[in-house]
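Q: Could you walk me through how to read a structure like this one, feature by feature? I would like the general idea each time, and then the case at hand.

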Amino acid sequence: MSILERIWVHVRVLASAKRNRGDLAGRLVRRPQLLVAQGTYETSLLLMGRLPAHLKTLATAKAAMVVNCEFCLDIGAALARSEGVPEDKLVALLEPDGNPALTDDEQLVVAFAAAISASPAVVPDELRARLEARFSGAQLTELAAEVAWENQRARLNQALGVRPAGFSDGAFCLIPQR
């Protein structure tokens, strides 16, 4: 998926909100500096394309599951569907280790996302070595930035009471990791 296609997917999904549409924007507009900073970082992430989009999508979906952000779970499933990630891969995020629905690379990025989304965030040396053997420094940096930002998004949404917007109404939605 090209960068422009990914941007278009995000725009379409955001426009599909059925309720609570202005929760986050309504809060951030009170602090324009934060609104601009959020938008700039979101745009920067969308413009990066070293790592395949589906890997970033699976990693951020797993992060949303770990930190249990209802808005992120809702929009994450809708973005994944719109980006062509099959539902069986989303279901596999519940128990990714050795799951045949996920490739080795997918299992690796999901394990990384789970590790840095947990509290405390600890990436075991063995996992880091596997990531460094498989991905370039630029790809790993892009992945870390995506997952770290998903954690920031989720925690900000939870702190401000941002509610699900109905992106996944009537379709498969991600569920929190237990």
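**Reading the model, step by step**

A: A53 is buried, with a relative accessible area of 12%. Here "buried" means under 20% relative accessible area, "exposed" over 50%, and "partly exposed" in between, using a 1.4 Å probe and protein chains only. Before going on, note that this is a predicted model, in which local features need pLDDT of at least 70, side-chain atom pairs count only at pLDDT 80 or more, and totals for chains, interfaces and linings use all residues. Residues are numbered from 1 along each chain as its sequence is written, and side-chain values use heavy atoms, with hydrogens and water left out.

Q: Where does A53 lie, and which residues does A53 touch?

A: Start with the element. Helices (H or I, at least four residues) and strands (E, at least two) are DSSP runs, numbered from the N terminus. A53 sits in helix α4. Next come contacts, meaning heavy atoms within 4.5 Å. Not counting residues up to four places away in sequence, A53 touches M1, R6 and E83.

Q: How many salt bridges does a search of the whole structure find?

A: The general idea is that side chains of opposite charge can pair when their charged atoms come close. The criterion is a side-chain nitrogen of Lys or Arg within 4 Å of a carboxyl oxygen of Asp or Glu. The search finds 11 salt bridges in the whole structure. One of them joins the side chains of K56 and E146, at 4.0 Å from N to O. That pair links distant parts of the chain, with K56 in helix α4 and E146 in helix α9, 90 residues apart.

Q: Are K56 and E146 buried or exposed?

A: K56 counts as buried because its relative accessible area is 1%. E146 is buried too, at 3% relative accessibility. K56 and E146 are also linked in a network of salt bridges with R6, E83 and E142.

Q: Which residue forms a salt bridge with K89?

A: The partner of K89 is E106, and their closest N and O atoms are 2.8 Å apart. This pair also links distant parts of the chain: K89 is in helix α6 (residues 87–92) and E106 in helix α7 (residues 104–117), 17 residues apart. Both K89 and E106 are buried. For another case, look at D105 and R134, whose side chains meet in a salt bridge at 2.7 Å, N to O. Here D105 belongs to helix α7 and R134 to helix α8 (residues 125–134), 29 residues apart. D105 is buried at 19% relative accessible area, whereas R134 counts as partly exposed because its relative accessibility is 42%.

Q: Which residues touch the most other members of the largest nonpolar core?

A: In soluble globular proteins, nonpolar side chains tend to be buried together. A nonpolar core is a set of buried Ala, Val, Leu, Ile, Met, Phe, Trp, Tyr and Cys residues joined through side-chain atoms within 4.5 Å. The largest one here has 45 residues, and L93, L131, L143, F167 and L174 touch the most other members. At least two residues of this core come from each of α1, α4, α5, α6, α7, α8 and α9. Leaving aside neighbours within four places in sequence, L174 contacts A61, M65, L73, G76, A77, L90 and L93.

Q: Where is S168, and is S168 buried or exposed?

A: S168 lies in the segment after α9. S168 is buried because its relative accessible area is 4%. Beyond residues up to four places away in sequence, S168 touches D74, A77, A78, R81 and C173.

Q: What about the backbone: which peptide bond is cis?

A: Look at omega. The bond from S119 to P120 is cis, with omega near 0°, and P120 is in the loop between α7 and α8. N68 is not a glycine, yet has a positive phi of about 60°. N68 is found in the loop between α4 and α5 and, at 34% relative accessibility, is partly exposed.
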